[in-house]
Amino acid sequence: MQLDPLILGLLAVFVVLMIYTLLSFFTTRKQPAIPPKILTKIACISGNYSEVREFREGDYVGKEVGKCPKCGAPLLIVAVYSEIVRQGGKEASARS
Ligand SMILES: [Zn+2]
C-alpha cells in the first residue's frame, strides 16, 4: 500500500472542509428561529378598560371586538404589534 502525496493532500483538504463545515454549522445556528409573538391591544373607547391578547386572524386597528365589561361601550383594537421573545437572560455572554 502506498500513500502518495496526492492522497495525503486530498485527505488534508477533506479534513479541513469537514472542520469548516462543522464550525459554520455551529456558528450559524446560534439563533433558533423564534417567530415573533404578535399581540393585539384592545381598549374601550371611554378609556377605562384595556387588554392585550394574542393576535387573531382578521384583527386590524379600529375593528370593534365587543363591549367593555366595565361600561358597555364598544371595545376597539387600538394597536397590533409584535413582541420580541427573549430566551432566558443569555445576552452577549459567549463572545470573546
Ligand atoms: Zn369602558
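**Entry 1: Leucine 39**

I began with leucine 39, which stands opposite glutamate 54 in strand 2. I took strands as DSSP runs of E with at least two residues and helices as DSSP runs of H or I with at least four, both numbered from the N terminus.

Two notes on the source before going on. The model is predicted, so local features need pLDDT of at least 70, side-chain atom pairs count only at pLDDT 80 or more, and totals for chains, interfaces and linings use all residues. Residues are numbered from 1 along each chain as its sequence is written.

Next I asked myself: in what order do the four strands of the open sheet lie? I found 2-1-4-3, with antiparallel pairing. Strands 2 and 3 stand at the edges with a single partner strand each, so one side of each is left without a neighbour in the sheet. Direction ignored, neighbouring strands of this sheet are turned by 35 degrees against each other on average; the axes are lines fitted to C-alpha atoms, with helices fitted over the stretch in contact, and angles in general run from 0 to 180 degrees between N-to-C directions.

I counted two strands as paired if DSSP finds at least two bridges between them. Going through the pairs gave me this:

- Strand 1 (residues 37-44) and strand 4 run antiparallel and are joined by eight bridges; here alanine 43 has leucine 76 of strand 4 as its bridge partner.
- Strand 1 and strand 2 are also antiparallel, with five bridges. In this pair I noted threonine 40 with arginine 53, and isoleucine 42 with glutamate 51.
- Strand 3 (residues 64-67) and strand 4 pair in the antiparallel sense over three bridges, and lysine 67 has proline 74 of strand 4 as its bridge partner.

As a reminder to myself, in a regular strand the side chains alternate between the two faces of the sheet.

**Entry 2: Turns**

I then looked at the hairpins. Five residues lie between the strands in the hairpin of strand 1 and strand 2, and glycine 47 takes a positive phi near 85 degrees there. The hairpin of strand 3 and strand 4 has six residues between its strands, and glycine 72 has a positive phi near 80 degrees.

**Entry 3: Burial**

How much of the protein chain is buried? I read off 4% of its 96 residues. The cut-offs I used: buried means 20 or more other C-beta atoms within 10 Å of a residue's own, exposed means 12 or fewer, and partly exposed is in between, with C-beta atoms placed from the backbone.

Strand 4 (residues 74-83) is hardly covered, with one buried residue among its 10. Strand 2 is hardly covered too, and its count of buried residues is zero among five.

**Entry 4: The helix**

The chain has one helix and four strands, running α-β-β-β-β from the N terminus on. Helix 1 (residues 5-28) has 24 residues and reaches 34 Å from its first C-alpha to its last, close to the expected 34 Å; that expectation is 1.5 Å times one less than the number of residues.

**Entry 5: Two loop residues**

Proline 36 sits in the loop between helix 1 and strand 1. It is exposed, with 10 other C-beta atoms within 10 Å. I checked it against serine 82: the two are 46 residues apart in sequence and 6.0 Å apart in space, C-alpha to C-alpha.

Glycine 62 lies in the loop between strand 2 (50-54) and strand 3. With 7 C-beta neighbours inside 10 Å, glycine 62 counts as exposed. Leaving out residues up to four places away in sequence, glycine 62 touches Leu76 and Ile77, where a contact means C-beta atoms, placed from the backbone, within 7 Å. Glycine 62 and alanine 79 are 17 residues apart in sequence and 8.4 Å apart in space, C-alpha to C-alpha.

Last, I looked up contact range: of the contacts in the chain with a separation of 6 or more, 44% come from residues 24 or more positions apart.

Key
Contact = placed C-beta atoms within 7 Å.
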